[in-house]
Amino acid sequence: MAVTAFASGTQTAVIATEHFLADVNQAGVYTCHIDTVNMAAGDVLELRVYQMVLTAGTARITYFGAYSGVQPTDDKIKVSIPISNELTDATSLRFSLKQTFGTGRAYPWKVLKHA
């Protein structure tokens with residue numbers, strides 16, 4: 001199975017602000033990968049995936065994960081579940097992160113497309 005990068009970057013979190021990392025408008029199966037190496041005691045991070053079910057519909061949360069404090073050495077990179085998408089609407093699939101507590105951290109991330 002071929003895997004390609006759809007989008008990538010580093011997001012510095014602003015506390016209580018949801019940062020949309022990538023909006024997918026192509027058919028395929030996608031995963032989001034976020035490196036939490038910079039998290040420290042007192043930090044809380046929320047990760048979300050939104051999906052639109054029908055064309056011109058509303059994107060709603062289909063995956064949610066919350067993480068707090070220093071992350072274990074063997075579990076620094078968080079990976080969303082694979083999400084299938086056949087729609088081409090601008091926000092048919094969205095990936096976001098939101099840090100709700102602590103000091104705003106820099107989070108390297110990527111969204112992969114699995115062919």
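Predicted model: local features only at pLDDT ≥ 70, side-chain atom pairs only at ≥ 80, totals over all residues.
Strands of a sheet pair through backbone hydrogen bonds, in either a parallel or an antiparallel manner. S2 and strand S8 (residues 93–101) run antiparallel and are joined by 6 bridges. Asp-23 stands opposite Arg-94 in S8.

Tyr-50 belongs to strand S4 (residues 44–51). With a relative accessibility of 13%, Tyr-50 counts as buried, because the cut-off for buried residues is under 20%. When neighbours within four places in sequence are left aside, the contacts of Tyr-50 include Glu-18 and Phe-20, a group from Ala-59 through Arg-60 and Ile-61 to Thr-62, and also Ser-92, Leu-93, Arg-94 and Ser-96. The side chain of Tyr-50 is joined to that of Glu-18 by a polar contact of 2.8 Å. The C-alpha atom of Tyr-50 is separated by 6.5 Å from that of Phe-95, although the two residues are 45 residues apart along the chain.

The structure holds 2 aromatic pairs. Phe-6 and Tyr-30 form an edge-to-face pair, with 5.5 Å centre to centre and 80 degrees between the planes. This pair links distant parts of the chain, since Phe-6 is in strand S1 and Tyr-30 is in strand S3 (residues 28–35), 24 residues apart. Phe-6 is partly exposed, with a relative accessible area of 24%, whereas Tyr-30 counts as buried at 0% relative accessibility. In the pair of Phe-20 and Tyr-50, the ring centres are 5.7 Å apart and the planes are at 50 degrees, so the pair is tilted. Phe-20 lies in strand S2 and Tyr-50 in strand S4, so this pair ties together parts that are 30 residues apart in sequence. Phe-20 counts as partly exposed, at 34% relative accessibility. Arg-94 lies over the face of Phe-20, at 3.7 Å from the ring centre.

Asn-85 is located in strand S7 (residues 83–85). Its relative accessible area is 5%, and Asn-85 is therefore buried. A polar atom of the Asn-85 side chain lies 2.8 Å from the backbone oxygen of Gln-26. The side chains of Asn-85 and Ser-92 are joined by a polar contact of 3.3 Å. Apart from its neighbours within four places in sequence, Asn-85 is in contact with Val-24, Gln-26, Ala-27, Gly-28, Ser-92 and Leu-93.

Ala-56 lies in the loop between S4 and S5 and counts as exposed, with a relative accessibility of 68%.

Definitions and conventions
Residues numbered from 1 in each chain as written. Heavy atoms only, no water. Helix = DSSP H or I, 4+ residues; strand = E, 2+ residues; numbered from the N terminus. Buried < 20%, exposed > 50% of the residue type's maximum accessible area, 1.4 Å probe, protein only. Contact = heavy atoms within 4.5 Å. Polar contact = N/O pair within 3.5 Å; in protein donor to acceptor, adjacent residues only side chain to side chain. Pairing = 2+ DSSP bridges. Phe/Tyr/Trp six-rings, centres within 6.5 Å; stacked < 30°, edge-to-face > 60°. Lys NZ or Arg CZ within 6 Å of the ring centre and 35° of its normal.
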